[in-house]
Amino acid sequence: MEKRVQKAFQEAVALKKNPGALPWKLDEPWAQRFYSWDAEEEAWKSASTANGVHQQTSGNISSLAFYSWNIDSMLPFAESRMEAALAHLEKLLSQLPSPSATAVVINLQECIPSDLATISRHKWVRDSFYMTDLDSSSWASDAYGVATLVDRRLDVVSCFRVHYSKTQQERDALFVDVVLPAAGTIVRLGNSHLESLAPDPPLRPSQVQIISTHMRADSVSSAITMGDFNAIQPFDKLLHADNGLKDAFLELGGREDSDEGHTWGQQALRDLRERFGGSRMDKAYFCGGNLKLLSFERFGADVEVQADRKKQRDQLLALGFEKAWVTDHLGIKAVFSWKNSIRL
(Lines give C-alpha, C1' and ligand atoms only; values in the text may rest on other atoms or scores of the structure.)
Protein backbone atom coordinates (compact mmCIF):
# COMPACT_ATOMS: atom_id res chain seq x y z
CA MET A 1 0.00 0.00 0.00
CA GLU A 2 2.87 2.40 0.76
CA LYS A 3 4.16 1.93 -2.79
CA ARG A 4 0.69 2.77 -4.10
CA VAL A 5 0.61 5.96 -2.02
CA GLN A 6 4.07 6.98 -3.23
CA LYS A 7 3.00 6.36 -6.81
CA ALA A 8 -0.13 8.46 -6.29
CA PHE A 9 1.94 11.37 -4.99
CA GLN A 10 4.31 11.08 -7.95
CA GLU A 11 1.40 11.07 -10.38
CA ALA A 12 -0.10 14.13 -8.66
CA VAL A 13 3.16 16.03 -9.17
CA ALA A 14 3.24 14.99 -12.82
CA LEU A 15 -0.36 16.13 -13.32
CA LYS A 16 0.22 19.59 -11.86
CA LYS A 17 -0.62 22.22 -14.46
CA ASN A 18 1.86 24.81 -15.66
CA PRO A 19 1.26 27.84 -13.37
CA GLY A 20 2.10 30.25 -16.18
CA ALA A 21 -0.69 28.90 -18.35
CA LEU A 22 -3.50 29.16 -15.82
CA PRO A 23 -6.25 31.79 -16.32
CA TRP A 24 -6.69 32.74 -12.66
CA LYS A 25 -4.73 34.77 -10.12
CA LEU A 26 -3.88 33.03 -6.87
CA ASP A 27 -5.88 34.00 -3.77
CA GLU A 28 -8.39 35.90 -5.91
CA PRO A 29 -11.94 34.86 -6.89
CA TRP A 30 -12.14 33.26 -10.32
CA ALA A 31 -15.63 32.91 -11.77
CA GLN A 32 -16.34 29.48 -13.19
CA ARG A 33 -19.24 27.93 -15.02
CA PHE A 34 -21.66 25.47 -13.49
CA TYR A 35 -23.93 23.13 -15.39
CA SER A 36 -27.49 21.79 -15.59
CA TRP A 37 -28.81 18.78 -17.48
CA ASP A 38 -30.82 19.59 -20.59
CA ALA A 39 -33.22 16.66 -20.96
CA GLU A 40 -34.32 17.72 -24.42
CA GLU A 41 -30.80 17.84 -25.81
CA GLU A 42 -29.56 15.07 -23.51
CA ALA A 43 -26.49 17.01 -22.54
CA TRP A 44 -25.05 19.05 -19.70
CA LYS A 45 -25.28 22.75 -20.54
CA SER A 46 -23.70 25.79 -18.97
CA ALA A 47 -26.01 27.45 -16.47
CA SER A 48 -23.54 30.21 -15.72
CA THR A 49 -24.93 33.35 -14.14
CA ALA A 50 -22.89 35.21 -16.76
CA ASN A 51 -25.34 33.85 -19.31
CA GLY A 52 -28.29 35.22 -17.37
CA VAL A 53 -29.63 31.79 -16.48
CA HIS A 54 -31.44 31.80 -13.16
CA GLN A 55 -34.04 29.59 -11.58
CA GLN A 56 -36.28 31.10 -8.95
CA THR A 57 -35.71 29.52 -5.56
CA SER A 58 -38.71 27.48 -4.51
CA GLY A 59 -40.69 29.24 -1.80
CA ASN A 60 -41.51 25.89 -0.21
CA ILE A 61 -37.91 25.34 0.86
CA SER A 62 -37.33 26.04 4.54
CA SER A 63 -34.12 24.12 5.28
CA LEU A 64 -30.82 23.07 3.75
CA ALA A 65 -29.25 19.61 4.11
CA PHE A 66 -25.53 20.00 3.40
CA TYR A 67 -23.43 16.87 2.83
CA SER A 68 -19.66 16.56 2.46
CA TRP A 69 -17.60 13.45 1.66
CA ASN A 70 -14.02 12.75 0.64
CA ILE A 71 -13.86 9.77 -1.73
CA ASP A 72 -10.24 8.59 -1.63
CA SER A 73 -8.47 9.29 -4.93
CA MET A 74 -5.54 6.96 -4.29
CA LEU A 75 -7.41 3.64 -4.13
CA PRO A 76 -8.06 1.55 -7.25
CA PHE A 77 -11.45 0.96 -8.87
CA ALA A 78 -12.55 4.59 -8.77
CA GLU A 79 -15.71 4.00 -10.79
CA SER A 80 -16.98 1.13 -8.64
CA ARG A 81 -16.23 3.01 -5.44
CA MET A 82 -17.91 6.19 -6.66
CA GLU A 83 -20.93 4.20 -7.87
CA ALA A 84 -21.35 2.72 -4.40
CA ALA A 85 -20.88 6.13 -2.76
CA LEU A 86 -23.51 7.69 -5.04
CA ALA A 87 -25.94 4.86 -4.33
CA HIS A 88 -25.52 5.55 -0.63
CA LEU A 89 -26.06 9.28 -1.08
CA GLU A 90 -29.17 8.66 -3.16
CA LYS A 91 -30.53 6.43 -0.39
CA LEU A 92 -29.84 9.09 2.23
CA LEU A 93 -31.67 11.72 0.20
CA SER A 94 -34.68 9.42 -0.17
CA GLN A 95 -34.86 9.25 3.62
CA LEU A 96 -35.03 13.01 4.24
CA PRO A 97 -38.10 13.68 6.40
CA SER A 98 -39.36 16.64 4.33
CA PRO A 99 -37.78 16.41 0.87
CA SER A 100 -40.07 19.00 -0.70
CA ALA A 101 -39.06 21.55 1.94
CA THR A 102 -35.36 20.66 2.13
CA ALA A 103 -32.80 21.79 -0.42
CA VAL A 104 -29.71 19.60 -0.78
CA VAL A 105 -26.09 20.47 -1.48
CA ILE A 106 -23.33 17.84 -1.74
CA ASN A 107 -19.63 18.64 -1.47
CA LEU A 108 -17.15 16.07 -2.77
CA GLN A 109 -13.39 16.10 -2.31
CA GLU A 110 -10.61 14.14 -4.05
CA CYS A 111 -12.69 13.72 -7.19
CA ILE A 112 -10.61 12.47 -10.09
CA PRO A 113 -11.72 13.46 -13.60
CA SER A 114 -13.36 10.09 -14.25
CA ASP A 115 -15.43 10.55 -11.06
CA LEU A 116 -17.05 13.60 -12.63
CA ALA A 117 -18.11 11.51 -15.63
CA THR A 118 -19.49 8.84 -13.31
CA ILE A 119 -21.47 11.39 -11.32
CA SER A 120 -22.81 13.12 -14.42
CA ARG A 121 -24.36 9.90 -15.75
CA HIS A 122 -26.72 9.37 -12.81
CA LYS A 123 -30.36 10.18 -13.43
CA TRP A 124 -31.01 11.48 -9.93
CA VAL A 125 -28.10 13.90 -10.30
CA ARG A 126 -29.28 15.03 -13.74
CA ASP A 127 -32.84 15.52 -12.57
CA SER A 128 -32.16 17.42 -9.37
CA PHE A 129 -28.74 19.07 -9.32
CA TYR A 130 -26.41 21.55 -10.88
CA MET A 131 -22.82 20.31 -11.22
CA THR A 132 -20.02 22.79 -10.68
CA ASP A 133 -17.51 20.72 -12.64
CA LEU A 134 -17.65 18.33 -15.59
CA ASP A 135 -13.88 18.12 -16.04
CA SER A 136 -10.67 19.31 -14.41
CA SER A 137 -10.43 22.62 -16.27
CA SER A 138 -11.03 24.68 -13.10
CA TRP A 139 -8.50 22.74 -11.03
CA ALA A 140 -4.79 23.53 -10.71
CA SER A 141 -4.06 19.85 -11.19
CA ASP A 142 -5.46 17.11 -13.39
CA ALA A 143 -4.99 14.65 -10.52
CA TYR A 144 -8.03 15.49 -8.38
CA GLY A 145 -10.11 18.37 -7.05
CA VAL A 146 -13.33 19.41 -5.31
CA ALA A 147 -16.77 19.55 -6.90
CA THR A 148 -20.23 20.48 -5.63
CA LEU A 149 -23.76 19.39 -6.49
CA VAL A 150 -26.35 22.12 -5.90
CA ASP A 151 -30.10 21.59 -5.70
CA ARG A 152 -31.68 22.94 -8.88
CA ARG A 153 -34.53 24.46 -6.87
CA LEU A 154 -32.04 27.03 -5.56
CA ASP A 155 -31.28 30.26 -7.42
CA VAL A 156 -27.51 30.27 -7.96
CA VAL A 157 -26.27 33.83 -8.36
CA SER A 158 -22.53 33.19 -8.32
CA CYS A 159 -20.01 30.37 -8.65
CA PHE A 160 -16.31 31.01 -8.15
CA ARG A 161 -13.12 29.36 -7.02
CA VAL A 162 -10.14 30.73 -5.09
CA HIS A 163 -6.87 28.93 -5.75
CA TYR A 164 -4.56 29.16 -2.77
CA SER A 165 -1.07 30.61 -3.19
CA LYS A 166 0.15 28.87 -0.05
CA THR A 167 -0.26 25.24 -1.09
CA GLN A 168 2.05 22.46 -2.14
CA GLN A 169 -0.83 20.29 -3.35
CA GLU A 170 -2.79 22.62 -5.66
CA ARG A 171 -5.65 23.10 -3.19
CA ASP A 172 -8.45 25.65 -3.51
CA ALA A 173 -11.87 26.71 -2.21
CA LEU A 174 -15.03 26.50 -4.32
CA PHE A 175 -17.95 28.82 -3.49
CA VAL A 176 -21.54 28.89 -4.71
CA ASP A 177 -23.89 31.74 -3.74
CA VAL A 178 -27.61 30.95 -3.55
CA VAL A 179 -30.67 32.96 -2.56
CA LEU A 180 -32.37 31.92 0.67
CA PRO A 181 -36.14 31.46 0.17
CA ALA A 182 -38.37 33.91 2.02
CA ALA A 183 -35.38 35.67 3.59
CA GLY A 184 -34.36 36.99 0.19
CA THR A 185 -30.71 37.13 1.20
CA ILE A 186 -27.67 35.29 -0.11
CA VAL A 187 -25.91 32.39 1.59
CA ARG A 188 -22.44 31.42 0.40
CA LEU A 189 -21.75 27.66 0.30
CA GLY A 190 -18.11 26.60 0.31
CA ASN A 191 -16.19 23.41 -0.39
CA SER A 192 -12.50 22.89 0.32
CA HIS A 193 -9.90 20.19 0.77
CA LEU A 194 -7.30 21.81 2.99
CA GLU A 195 -3.61 20.93 2.81
CA SER A 196 -2.81 17.37 3.79
CA LEU A 197 -0.21 16.14 6.28
CA ALA A 198 1.91 18.55 8.36
CA PRO A 199 3.93 20.90 6.15
CA ASP A 200 6.38 23.23 7.88
CA PRO A 201 5.48 26.04 8.02
CA PRO A 202 1.78 25.13 8.29
CA LEU A 203 -0.42 26.02 5.33
CA ARG A 204 -3.93 25.33 6.59
CA PRO A 205 -4.13 28.53 8.72
CA SER A 206 -3.62 30.68 5.64
CA GLN A 207 -6.15 28.63 3.70
CA VAL A 208 -8.82 28.97 6.40
CA GLN A 209 -8.14 32.70 6.60
CA ILE A 210 -8.92 33.00 2.89
CA ILE A 211 -12.07 30.91 3.33
CA SER A 212 -13.17 33.11 6.23
CA THR A 213 -12.61 36.30 4.23
CA HIS A 214 -15.07 35.12 1.60
CA MET A 215 -17.53 33.68 4.12
CA ARG A 216 -17.71 37.02 5.93
CA ALA A 217 -17.95 39.18 2.82
CA ASP A 218 -20.41 42.10 2.92
CA SER A 219 -22.21 40.77 -0.16
CA VAL A 220 -23.58 37.71 1.67
CA SER A 221 -25.74 37.41 4.77
CA SER A 222 -24.37 34.07 5.91
CA ALA A 223 -22.06 31.29 4.82
CA ILE A 224 -21.29 27.59 5.33
CA THR A 225 -18.10 25.83 4.27
CA MET A 226 -17.69 22.09 4.61
CA GLY A 227 -14.97 19.71 3.54
CA ASP A 228 -11.94 17.65 4.39
CA PHE A 229 -10.01 20.09 6.57
CA ASN A 230 -7.22 17.59 7.42
CA ALA A 231 -7.35 18.65 11.06
CA ILE A 232 -4.46 16.62 12.49
CA GLN A 233 -2.44 19.17 14.50
CA PRO A 234 -3.25 21.09 17.69
CA PHE A 235 -3.63 24.45 15.91
CA ASP A 236 -6.39 23.00 13.71
CA LYS A 237 -8.69 22.91 16.73
CA LEU A 238 -8.69 26.73 16.91
CA LEU A 239 -8.86 27.71 13.25
CA HIS A 240 -12.61 28.35 13.30
CA ALA A 241 -12.43 30.57 16.40
CA ASP A 242 -9.30 32.34 15.15
CA ASN A 243 -11.27 33.38 12.06
CA GLY A 244 -14.63 34.29 13.62
CA LEU A 245 -16.41 31.13 12.49
CA LYS A 246 -18.50 28.49 14.23
CA ASP A 247 -17.80 24.75 14.13
CA ALA A 248 -21.07 22.84 13.67
CA PHE A 249 -19.98 19.74 15.61
CA LEU A 250 -18.88 21.79 18.62
CA GLU A 251 -21.90 24.11 18.49
CA LEU A 252 -24.22 21.16 19.15
CA GLY A 253 -22.24 19.94 22.14
CA GLY A 254 -19.66 17.76 20.45
CA ARG A 255 -16.39 17.35 22.33
CA GLU A 256 -13.01 17.82 20.70
CA ASP A 257 -10.92 14.62 20.54
CA SER A 258 -13.96 12.41 21.17
CA ASP A 259 -14.51 9.26 19.11
CA GLU A 260 -17.98 10.57 18.25
CA GLY A 261 -16.45 13.30 16.13
CA HIS A 262 -13.82 11.30 14.27
CA THR A 263 -14.29 11.07 10.52
CA TRP A 264 -11.00 9.37 9.67
CA GLY A 265 -9.37 6.28 11.11
CA GLN A 266 -12.29 3.87 11.34
CA GLN A 267 -11.87 2.82 7.71
CA ALA A 268 -8.15 3.38 7.30
CA LEU A 269 -5.63 0.58 7.04
CA ARG A 270 -5.10 -1.03 10.42
CA ASP A 271 -1.44 0.01 10.69
CA LEU A 272 -2.32 3.63 9.91
CA ARG A 273 -5.12 3.56 12.47
CA GLU A 274 -2.78 2.15 15.10
CA ARG A 275 -0.06 4.66 14.23
CA PHE A 276 -2.19 7.82 14.04
CA GLY A 277 -5.48 6.97 15.77
CA GLY A 278 -8.73 8.62 14.71
CA SER A 279 -9.19 12.28 13.86
CA ARG A 280 -11.91 14.80 13.08
CA MET A 281 -10.57 15.71 9.66
CA ASP A 282 -13.91 16.69 8.14
CA LYS A 283 -15.66 19.78 9.45
CA ALA A 284 -18.43 22.29 8.84
CA TYR A 285 -17.78 25.98 9.54
CA PHE A 286 -20.52 28.60 9.38
CA CYS A 287 -21.30 32.23 10.19
CA GLY A 288 -24.22 34.64 9.86
CA GLY A 289 -27.03 35.64 12.18
CA ASN A 290 -29.89 34.29 10.09
CA LEU A 291 -28.70 30.68 9.97
CA LYS A 292 -29.93 28.19 12.55
CA LEU A 293 -28.03 24.91 12.87
CA LEU A 294 -30.56 22.12 13.35
CA SER A 295 -28.40 18.98 13.31
CA PHE A 296 -25.00 17.54 12.58
CA GLU A 297 -24.08 13.91 11.99
CA ARG A 298 -21.70 11.55 10.26
CA PHE A 299 -22.64 9.17 7.47
CA GLY A 300 -21.00 6.65 5.16
CA ALA A 301 -19.80 4.09 7.71
CA ASP A 302 -19.21 0.65 6.18
CA VAL A 303 -20.24 1.63 2.66
CA GLU A 304 -18.52 -0.94 0.47
CA VAL A 305 -17.99 -1.69 -3.20
CA GLN A 306 -21.07 -3.54 -4.40
CA ALA A 307 -21.21 -7.29 -3.82
CA ASP A 308 -21.25 -8.21 -7.52
CA ARG A 309 -17.74 -6.71 -7.95
CA LYS A 310 -16.05 -9.67 -6.25
CA LYS A 311 -12.62 -9.34 -7.89
CA GLN A 312 -12.44 -5.66 -7.01
CA ARG A 313 -13.55 -6.31 -3.46
CA ASP A 314 -10.94 -9.04 -3.10
CA GLN A 315 -8.18 -6.75 -4.35
CA LEU A 316 -9.16 -4.01 -1.90
CA LEU A 317 -9.04 -6.55 0.91
CA ALA A 318 -5.65 -7.72 -0.36
CA LEU A 319 -4.32 -4.19 0.21
CA GLY A 320 -4.96 -4.72 3.91
CA PHE A 321 -8.39 -3.20 4.44
CA GLU A 322 -10.79 -5.06 6.72
CA LYS A 323 -13.68 -4.39 4.34
CA ALA A 324 -13.98 -3.24 0.72
CA TRP A 325 -14.72 0.32 1.81
CA VAL A 326 -15.29 2.98 -0.85
CA THR A 327 -13.16 5.51 1.04
CA ASP A 328 -11.19 6.02 4.24
CA HIS A 329 -13.35 8.98 5.33
CA LEU A 330 -16.80 9.18 6.85
CA GLY A 331 -18.98 11.91 5.44
CA ILE A 332 -20.60 14.70 7.42
CA LYS A 333 -24.07 16.22 7.14
CA ALA A 334 -25.30 19.51 8.61
CA VAL A 335 -28.89 20.74 8.40
CA PHE A 336 -29.71 24.45 8.63
CA SER A 337 -32.83 26.58 8.61
CA TRP A 338 -32.97 30.36 8.45
CA LYS A 339 -34.80 33.37 9.79
CA ASN A 340 -36.74 35.60 7.42
CA SER A 341 -35.56 39.04 6.35
CA ILE A 342 -32.52 39.30 8.59
CA ARG A 343 -29.28 40.66 7.24
CA LEU A 344 -26.01 41.29 9.01
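Trainee: What relative accessible area does D127 have?
Mentor: D127 comes out at 44%, so it counts as partly exposed. Buried is under 20% relative accessible area, exposed is over 50%, and partly exposed is in between, with a 1.4 Å probe and protein chains only. This is a predicted model: local features need pLDDT of at least 70 and side-chain atom pairs 80 or more, while totals for chains, interfaces and linings use all residues. Residues are numbered from 1 along each chain as its sequence is written, and side-chain values use heavy atoms, leaving out hydrogens and water.

Trainee: Which residue forms a salt bridge with D127?
Mentor: K123 does, and the closest N and O atoms are 2.5 Å apart. A salt bridge here is a Lys or Arg side-chain nitrogen within 4 Å of an Asp or Glu carboxyl oxygen. K123 and D127 are about one helical turn from each other, because they sit four residues apart in helix α4 (residues 123-128). Helices are DSSP runs of H or I, at least four residues, and strands are E runs of at least two, numbered from the N terminus. K123 itself is exposed, at 59%.

Trainee: How many salt bridges are there?
Mentor: The count comes to 20. One of them joins R280 and D247, at 3.0 Å from N to O. That pair links distant parts of the chain, 33 residues apart: R280 is in the loop between α8 (270-276) and β13 (282-287), and D247 is in strand β12 (residues 246-247).

Trainee: Are R280 and D247 buried or exposed?
Mentor: Both R280 and D247 are buried.

Trainee: What about R273, which residue is its salt-bridge partner?
Mentor: E322, with the closest N and O atoms 2.5 Å apart. They are 49 residues apart: R273 is in helix α8, and E322 is in the loop between α9 (310-318) and β15 (331-338). R273 is partly exposed at 22%, and E322 is partly exposed at 37%.
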